[in-house]
Amino acid sequence: MELDKMDENDWKYHGEGNKSLVVSHLQHCQVLRLLKFPSEDSAHTRQQTAEQAFRHILNIMDYSKYIMKPLLGEKYVHSGEVVRLPLDFVRELSLKVQQERPELRCDKVMDTFSGCGLCLPNLTQLPLQHLRDHRPPICVEIKPKCGFLPWSRQITKECKRKVCRFCMHQHYKLANGKWKRLSRYCPLDLFSGSKQRMYVALKNLLEEPQNNLKIFKQQPDLSELIQHLRPYFLHTNGLFNGHQPGKAVLSEFVQLICSALLSGGDSNRSGEPRKMHISEGRETKLVVDVVPQAPVSTGNPGLPKESVLSKILQVQMLDNLDIEGVYPLYKRVEQYLEEFPKERNRLQVDGPYNESFMDTVKNGLKEDDGSVEYAVGKASLVHQYRVAMTAKDCSIMITFAPCDEDEENELNLENPGFTYSVSILDLDPKPYEGVPHQYKLDSKIVNYYLRSTQALP
Ligand code: ATP
Ligand code: MG
Ligand code: MG
């Protein structure tokens, strides 16, 4: 990418979340991730110097690279690089993408003042050598959310130990008009390690995706999705060129996703993406695995250790105190910082996110034997919670492409292979000041859940 010759016509709108907007390059396998701000904040943003914006994006990249990547595994995380873009380019780009943005996201505007962004590999594509097949890759993005029930002794509401946070939050979101239909997806199913339960989770995501599932090339409804998928599964179930029933197509698709989620994810961007056959994802006899009632902080033994789900779950479980346990610690650190404001830097409350921050997080993992200084000890527990929160909010991107035809054994038509890659994205640091908000939100969600379910006959 030649930064001095940037042309907005080489880029197109790709997607956005709550915090950033992403554009992809028309020819190269690259995306640019640009930050967004509340529109009423834009005057304030203008006052933020380019230097501050640069530091902010650098912090985001460092956090992904030096904190989340070592925890989640090198092969899954691509931290990208910080780029300084010409302001003309960014302004033109912002105008160009505006009409494509979904209305529900337009409460925020793209940052056109700083010229800073992140350049990342486009994870919806596979490296070019694997694209000789006429069928473009299919990409599935899953935002899995928290996959375990908390076990902290600090929890005051018993229902938190029995009903998962995502499911409770659904009731609250429905009541607040965020979504119109209740999602039947449950993260505990997805993270269970039982293929049967994972299958149910993925089917429920397909039925009501909300913002937890996105299929690139997404068709507006399931029947159109089946039409889109059919050419990828022509050979399955012995039907060559025959008309696959839609259900069978979807079922093959879901099994393929399951296999990728359970695989060792050897698919490395720099190396060869892994090959997989549908049969790997199919089990003739499904055994219902028993999920441990009280999860242990080492993850779920039902999940293969190197799988993307196991990696994410282990990091999520760094939240072993629950927000109810973390909030009082946060307040203690706050008091301390009020008294000694200069300590904010030493405790790395706003970064930098480097090895020493990582050591702080690891300190939090040690049993409190009194060897760690009081403020440092408390702050490291809060940092540990923030790391877990990032893992509860990340996305998994799985990209599949049918193997090259010449690579395939011509006689093996009933069992076509797929090349695939699995990555984790959206690994931004959660602000230190977010703790009080999380505390309030938690009690709102739980209280609403209790009220709404107790009101039922
Ligand atoms: P959230 O609201 O979930 O926190 P966010 O604002 O932090 O989202 P991202 O999730 O990082 O933003 O990016 C928004 C969307 O852009 C993603 O959901 C994904 O679809 C797409 N995207 C982000 N990074 C990449 C990438 N490297 N390759 C392809 N697509 C990407
Ligand atoms: Mg996101
Ligand atoms: Mg995010």
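The model is predicted.

**Exercise 1. State where Tyr432 is found, and decide whether Tyr432 is buried or exposed.**

Solution. 
Step 1. Tyr432 is found in the loop that runs between β11 (417-425) and α14.
Step 2. A residue is buried if 20 or more other C-beta atoms lie within 10 Å of its own.
Step 3. Tyr432 has 21 other C-beta atoms within 10 Å, so Tyr432 is buried.
Step 4. With neighbours within four places in sequence left aside, Tyr432 is in contact with Val349, Asp350, Val382 and Arg386.
Step 5. Glu100 lies 332 residues from Tyr432 in sequence, and the two C-alpha atoms are 33 Å apart in space.

**Exercise 2. Describe the domains and the contact between them.**

Solution. 
Step 1. Domain 1 covers 3-122 and domain 2 covers 126-457.
Step 2. Their contact takes 19 residues from domain 1 and 23 residues from domain 2.
Step 3. On the side of domain 1 that touches domain 2, helix α2 (residues 50-72) provides the largest share, eleven residues.
Step 4. That side of domain 1 has eleven nonpolar, five polar and three charged residues.

**Exercise 3. Work out what surrounds ligand 1.**

Solution. 
Step 1. Ligand 1 is surrounded by 22 residues, and the closest are Gly17, Asn18, Lys19, Leu123 and Asp426.
Step 2. At least two residues of the shell come from each of β1 (11-16), β2 (20-25), β3 (30-38) and β6 (116-121).
Step 3. Of the elements in the shell, β1 gives the most, three residues.
Step 4. Domain 1 and domain 2 each supply at least three residues of the shell around ligand 1.
Step 5. The class count of the shell is six nonpolar, eight polar and eight charged residues.

**Exercise 4. Describe the packing of α9 with α13, then that of α10 with α14.**

Solution. 
Step 1. Two packed helices are described by the angle between their axes and the distance between the axes.
Step 2. Helix α9 (residues 308-316) packs with helix α13 (residues 374-392) at an angle of about 145°, and their axes are 7 Å apart. This crossing is left-handed.
Step 3. Ile312, Val315 and Gln316 of α9 meet Val387, Ala388, Ala391 and Lys392 of α13. By class, the residues of this contact are five nonpolar, one polar and one charged.
Step 4. For helix α10 (residues 322-339) and helix α14 (residues 434-454), the axes come within 10 Å and cross at roughly 145°. The crossing of α10 and α14 is left-handed.
Step 5. In α10, Ile323, Val326, Tyr327 and Tyr330 meet Val435, Gln438, Tyr439 and Asp442 in α14. The contact of α10 with α14 divides into six nonpolar residues, one polar and one charged.

**Exercise 5. Give overall counts for the protein.**

Solution. 
Step 1. The protein has 14 helices and eleven strands.
Step 2. Of its 457 residues, 39% are buried.
Step 3. Among contacts with a separation of 6 or more, 70% join residues 24 or more positions apart.

Conventions
Residues are numbered from 1 along each chain as its sequence is written. Chains are lettered from A and ligands numbered from 1 in the order in which they are written. This is a predicted model: local features need pLDDT of at least 70, side-chain atom pairs count only at pLDDT 80 or more; totals for chains, interfaces and linings use all residues. Domain bounds come from an automatic or database domain assignment. Two residues are in contact if their C-beta atoms, placed from the backbone, lie within 7 Å. Helices (H or I, at least four residues) and strands (E, at least two) are DSSP runs, numbered from the N terminus. Ala, Val, Leu, Ile, Met, Phe, Trp, Tyr, Cys and Pro count as nonpolar, Asp, Glu, Lys and Arg as charged, and the others, Gly among them, as polar. A residue is near a molecule or strand if its C-beta atom, placed from the backbone, lies within 6 Å of it. A residue is buried if 20 or more other C-beta atoms lie within 10 Å of its own, exposed if 12 or fewer, and partly exposed in between; C-beta atoms are placed from the backbone. Axes are lines fitted to C-alpha atoms, for helices over the stretch in contact, and angles run from 0 to 180 degrees between N-to-C directions. A crossing is left-handed if the near helix is turned anticlockwise from the far one by less than a right angle, and right-handed if clockwise.
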